[in-house]
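Below is a short briefing on one protein model.

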Amino acid sequence: MERLKVLIFGLLITFVLSSCSSIYWASVKNSTAEELMVKLVFKTEYGTQVMDMPLKAGEVNVWQYEQSSSESKIMDKYLSSIEISDDSGCYIAFNREEVKKKVKNTTRQIVISPDDFQKACERKVNLNTP
(Lines give C-alpha, C1' and ligand atoms only; values in the text may rest on other atoms or scores of the structure.)
Protein backbone atom coordinates (compact mmCIF):
# COMPACT_ATOMS: atom_id res chain seq x y z
CA MET A 1 0.00 0.00 0.00
CA GLU A 2 2.85 2.35 0.83
CA ARG A 3 4.42 1.72 -2.60
CA LEU A 4 1.14 2.61 -4.29
CA LYS A 5 1.00 5.93 -2.40
CA VAL A 6 4.59 6.74 -3.42
CA LEU A 7 3.84 5.83 -7.04
CA ILE A 8 0.69 7.97 -7.16
CA PHE A 9 2.50 10.88 -5.50
CA GLY A 10 5.36 10.57 -8.02
CA LEU A 11 2.96 10.53 -10.94
CA LEU A 12 1.12 13.57 -9.56
CA ILE A 13 4.37 15.53 -9.20
CA THR A 14 5.43 14.55 -12.73
CA PHE A 15 2.08 15.67 -14.13
CA VAL A 16 2.22 19.04 -12.33
CA LEU A 17 5.79 19.73 -13.42
CA SER A 18 5.14 18.80 -17.03
CA SER A 19 2.00 20.91 -17.29
CA CYS A 20 3.61 24.11 -16.01
CA SER A 21 4.30 26.68 -18.67
CA SER A 22 5.54 30.22 -18.73
CA ILE A 23 5.00 33.25 -20.92
CA TYR A 24 8.10 34.79 -22.47
CA TRP A 25 8.79 37.78 -24.69
CA ALA A 26 11.23 37.71 -27.58
CA SER A 27 12.37 40.56 -29.78
CA VAL A 28 14.20 41.50 -32.94
CA LYS A 29 16.24 44.72 -32.82
CA ASN A 30 17.41 46.60 -35.91
CA SER A 31 20.82 48.07 -35.01
CA THR A 32 21.47 49.21 -38.58
CA ALA A 33 20.89 52.67 -40.06
CA GLU A 34 18.39 51.34 -42.63
CA GLU A 35 14.83 50.07 -42.66
CA LEU A 36 14.73 46.28 -42.83
CA MET A 37 12.04 43.75 -43.72
CA VAL A 38 12.11 40.86 -41.25
CA LYS A 39 10.32 37.57 -41.84
CA LEU A 40 10.03 35.17 -38.90
CA VAL A 41 9.11 31.57 -39.75
CA PHE A 42 7.50 29.42 -37.05
CA LYS A 43 6.98 25.67 -37.51
CA THR A 44 4.45 24.02 -35.21
CA GLU A 45 2.43 20.84 -35.20
CA TYR A 46 -0.28 22.85 -36.98
CA GLY A 47 1.91 23.93 -39.89
CA THR A 48 4.10 26.89 -40.77
CA GLN A 49 3.25 30.43 -39.75
CA VAL A 50 5.05 33.50 -41.06
CA MET A 51 5.24 36.89 -39.38
CA ASP A 52 6.44 39.77 -41.58
CA MET A 53 7.54 43.01 -39.97
CA PRO A 54 9.23 46.12 -41.28
CA LEU A 55 11.79 47.48 -38.80
CA LYS A 56 12.99 51.06 -38.97
CA ALA A 57 16.55 51.89 -37.94
CA GLY A 58 16.95 51.34 -34.21
CA GLU A 59 13.44 49.88 -33.84
CA VAL A 60 12.58 46.78 -31.80
CA ASN A 61 9.65 44.45 -32.48
CA VAL A 62 8.45 42.12 -29.73
CA TRP A 63 6.33 38.97 -29.74
CA GLN A 64 4.99 36.76 -26.95
CA TYR A 65 5.14 32.99 -26.73
CA GLU A 66 4.36 30.25 -24.24
CA GLN A 67 6.78 27.48 -23.44
CA SER A 68 6.82 24.67 -20.91
CA SER A 69 9.21 25.08 -18.03
CA SER A 70 11.16 22.03 -19.17
CA GLU A 71 12.04 23.73 -22.48
CA SER A 72 14.99 26.02 -23.05
CA LYS A 73 14.25 29.57 -21.96
CA ILE A 74 16.55 31.04 -24.60
CA MET A 75 14.19 31.38 -27.58
CA ASP A 76 10.77 30.44 -28.89
CA LYS A 77 10.95 26.70 -29.62
CA TYR A 78 8.78 27.09 -32.73
CA LEU A 79 10.98 29.78 -34.35
CA SER A 80 12.49 28.00 -37.32
CA SER A 81 14.28 30.78 -39.21
CA ILE A 82 14.62 34.52 -39.70
CA GLU A 83 14.99 36.12 -43.12
CA ILE A 84 16.00 39.77 -43.36
CA SER A 85 16.36 42.06 -46.38
CA ASP A 86 17.09 45.73 -46.96
CA ASP A 87 16.16 48.17 -49.73
CA SER A 88 19.36 47.52 -51.68
CA GLY A 89 18.55 43.82 -52.05
CA CYS A 90 20.97 42.45 -49.48
CA TYR A 91 19.50 39.37 -47.84
CA ILE A 92 20.35 37.40 -44.68
CA ALA A 93 18.82 34.19 -43.41
CA PHE A 94 19.43 32.66 -39.99
CA ASN A 95 18.42 29.06 -39.36
CA ARG A 96 17.49 27.77 -35.90
CA GLU A 97 21.11 27.07 -34.88
CA GLU A 98 22.28 30.51 -36.03
CA VAL A 99 19.42 32.12 -34.08
CA LYS A 100 20.56 30.27 -30.96
CA LYS A 101 24.08 31.68 -31.44
CA LYS A 102 22.74 35.22 -31.93
CA VAL A 103 20.67 35.15 -28.72
CA LYS A 104 23.35 33.50 -26.61
CA ASN A 105 24.42 36.79 -24.98
CA THR A 106 21.14 38.73 -25.38
CA THR A 107 18.53 36.44 -23.85
CA ARG A 108 15.55 36.23 -26.21
CA GLN A 109 16.63 39.24 -28.30
CA ILE A 110 17.95 38.90 -31.85
CA VAL A 111 20.09 41.91 -32.71
CA ILE A 112 20.60 42.59 -36.41
CA SER A 113 23.89 44.43 -36.70
CA PRO A 114 25.49 46.45 -39.50
CA ASP A 115 28.16 43.71 -39.71
CA ASP A 116 25.49 41.17 -40.64
CA PHE A 117 24.50 43.26 -43.66
CA GLN A 118 28.03 44.18 -44.62
CA LYS A 119 28.79 40.46 -45.06
CA ALA A 120 25.53 39.89 -46.97
CA CYS A 121 26.13 42.84 -49.31
CA GLU A 122 29.72 41.76 -49.95
CA ARG A 123 28.45 38.34 -51.05
CA LYS A 124 25.86 40.01 -53.28
CA VAL A 125 28.52 42.21 -54.95
CA ASN A 126 30.83 39.21 -55.40
CA LEU A 127 28.03 37.19 -57.01
CA ASN A 128 27.18 40.03 -59.40
CA THR A 129 30.79 40.70 -60.42
CA PRO A 130 31.71 39.09 -63.77
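Lys100 and Glu97 form a salt bridge, with the closest N and O atoms 3.7 Å apart. A salt bridge here is a side-chain nitrogen of Lys or Arg within 4 Å of a carboxyl oxygen of Asp or Glu. This is a predicted model: local features need pLDDT of at least 70, side-chain atom pairs count only at pLDDT 80 or more, and totals for chains, interfaces and linings use all residues. Residues are numbered from 1 along each chain as its sequence is written, and side-chain values use heavy atoms, with hydrogens and water left out.

**Salt bridges**

- The structure holds three salt bridges.
- Lys100 and Glu97 both lie in helix α2 (residues 96-102), three residues apart, about one turn of the helix. Helices (H or I, at least four residues) and strands (E, at least two) are DSSP runs, numbered from the N terminus.
- Lys100 is partly exposed, at 39% relative accessible area. Glu97 is also partly exposed, at 47%. Buried means under 20% relative accessible area, exposed over 50%, and partly exposed in between (1.4 Å probe, protein chains only).
- Asp116 pairs with Lys102 in a salt bridge, the closest N and O atoms being 3.0 Å apart. This pair links distant parts of the chain: Asp116 sits in helix α3 (residues 114-128) and Lys102 in helix α2, 14 residues apart.
- Asp116 is buried, with a relative accessible area of 14%. Lys102 is partly exposed, at 23%.
- Glu83 forms a salt bridge with Lys39, where the closest N and O atoms are 3.7 Å apart. Glu83 is in strand β5 and Lys39 in strand β2 (residues 36-44), so the pair ties together parts 44 residues apart in sequence.
- Lys39 is partly exposed, with a relative accessible area of 30%.

**Sheet**

- Four strands form an open sheet in the order β3-β2-β5-β6, with antiparallel pairing. Two strands pair if DSSP finds at least two bridges between them.
- β3 (47-55) and β6 (91-95) stand at the edges with a single partner strand each, so one side of each is left without a neighbour in the sheet.
- The twist averages 15° from one strand to the next. Axes are lines fitted to C-alpha atoms, for helices over the stretch in contact, and angles run from 0 to 180 degrees between N-to-C directions.
- β2 and β5 run antiparallel and are joined by seven bridges. Phe42 has Leu79 in β5 as its bridge partner.
- β5 (residues 79-86) pairs with β6 in the antiparallel sense over five bridges. Ser81 stands opposite Asn95 in β6, and Ile84 has Ile92 in β6 as its bridge partner.
- β5 and β6 form a hairpin with four residues between them. Gly89 in the turn has a positive phi of about 95°.

**Nonpolar core**

- The largest nonpolar core has 24 residues, of which Val38, Leu40, Trp63, Leu79, Ile82 and Ile110 touch the most other members. A nonpolar core is a set of buried Ala, Val, Leu, Ile, Met, Phe, Trp, Tyr and Cys residues joined through side-chain atoms within 4.5 Å.
- β1 (21-30), β2, β3, β4 (60-68), β5, β6, β7 (109-112) and α3 each supply at least two residues of this core. The largest share, four residues, comes from β2.
- Not counting residues up to four places away in sequence, residues in contact (heavy atoms within 4.5 Å) with Trp63 include Tyr24, Trp25, Leu40, Phe42, Met51, Met75, Leu79 and Ile110.
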